[in-house]
Amino acid sequence: MTPLAAYDLMDGAKRFSAVEVTFLPGARAAPHRHGSAFLYAYVLEGEVRSQLEGEPLRTYRAGQSWIERPGAHHLVTENTSATRPARVLVTFVSQGGEPLKVPDVR
């Protein structure tokens, strides 16, 4: 994850953050949540497969996007290509000081 921007909103009660996530060929993220953050993801390059709990598995291509509501459980995030990277711009509006990604406890 490459941080691109972070700004306090509402006197620090909320925070806007933007990161670029690069998935190497065949890479997959472990299941996780984003706490109380509202998230918007936009695919910059390649294809990413994503699934939130209770929703179908979907494939997003460059130029497509999705949102995740606060508390969403992200079960699958993976690069569909075994040979090319995928890049995603992810923006968050979160509680000030809260981590942007919380891995599932194993």
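This report describes the core, surface patch, ring pair and salt bridges of a predicted model.

## Basis of the model

Because the structure is predicted, local features need pLDDT of at least 70 and side-chain atom pairs count only at pLDDT 80 or more, while totals for chains, interfaces and linings use all residues. Residues are numbered from 1 along each chain as its sequence is written, and side-chain values use heavy atoms, with hydrogens and water left out.

## The nonpolar core

A nonpolar core is a set of buried Ala, Val, Leu, Ile, Met, Phe, Trp, Tyr and Cys residues joined through side-chain atoms within 4.5 Å. Buried means under 20% relative accessible area, exposed means over 50%, and partly exposed lies in between (1.4 Å probe, protein chains only). The largest core in this model has 16 residues, and those with the most contacts inside it are Phe23, Trp66, Val88, Val90 and Phe92. Strand S2 (14–23), strand S5 (38–45) and strand S10 (86–95) are the elements that give two or more residues to this core. The largest share, four residues, comes from S10. Strands (E, at least two residues) and helices (H or I, at least four) are DSSP runs, numbered from the N terminus.

Contact means heavy atoms within 4.5 Å. Not counting residues up to four places away in sequence, Val90 touches Ser17, Ala18, Val19, Val21, Leu39, Tyr40 and Ala41. One of these partners, Val19, has its place in strand S2. Val19 is buried because its relative accessible area is 4%. With neighbours within four places in sequence left aside, Val19 is in contact with Met1, Thr2, Pro3, Leu4, Val88, Leu89, Val90, Phe92 and Leu100. Val19 and Leu75, which are 56 residues apart in sequence, are 20 Å apart in space, C-alpha to C-alpha.

## The surface

Tyr7, Leu9, Met10, Phe38, Tyr40, Ile67 and Val93 make a nonpolar surface patch of about 630 Å². Patches are made of residues with over 30% relative accessible area and no salt bridge; like charges are joined within 9 Å, and nonpolar side chains (Val, Leu, Ile, Met, Phe, Trp, Tyr) within 5 Å. Accessible areas come from the Shrake-Rupley method with a 1.4 Å probe, and for residues only the protein chains shown count as cover. Strand S1 (2–9) and S5 each supply at least two residues of the patch. Phe38 lies in strand S5 and counts as partly exposed because its relative accessibility is 33%.

Thr83 is found in the loop between S9 and S10. Its relative accessible area is 67%, so Thr83 is exposed. Thr83 and Val102 are 19 residues apart in sequence and 28 Å apart in space, C-alpha to C-alpha.

## The aromatic pair

A pair of aromatic rings is described by the distance of the centres and the angle of the planes. Rings of Phe, Tyr and Trp (its six-membered ring) pair if their centres lie within 6.5 Å; planes under 30 degrees apart count as stacked, over 60 as edge-to-face and the rest as tilted. The count by this rule is one aromatic pair. The rings of Tyr60 and Trp66 have centres 4.6 Å apart and planes at 35 degrees, so the pair is tilted. Tyr60 counts as buried at 12% relative accessibility, and Trp66 counts as buried at 9%.

## Salt bridges

A salt bridge is a side-chain nitrogen of Lys or Arg within 4 Å of a carboxyl oxygen of Asp or Glu. The count comes to seven salt bridges. In one of them, Glu47 is joined to Arg61, with the closest N and O atoms 3.1 Å apart. This pair links distant parts of the chain, 14 residues apart: Glu47 is in strand S6 (residues 47–52) and Arg61 in strand S7 (residues 58–61). Glu47 is partly exposed at 25% relative accessibility, and Arg61 is partly exposed at 43%.

Arg49 and Glu78 also meet in a salt bridge through their side chains (3.1 Å, N to O). Here Arg49 in strand S6 and Glu78 in strand S9 (residues 73–79) are 29 residues apart, and the pair links distant parts of the chain. Arg49 counts as partly exposed at 25% relative accessibility, whereas Glu78 counts as buried at 15%. Another salt bridge joins the side chains of Arg58 and Glu55 (3.2 Å, N to O). Arg58 is partly exposed at 35% relative accessibility, and Glu55 is partly exposed with a relative accessible area of 35%.
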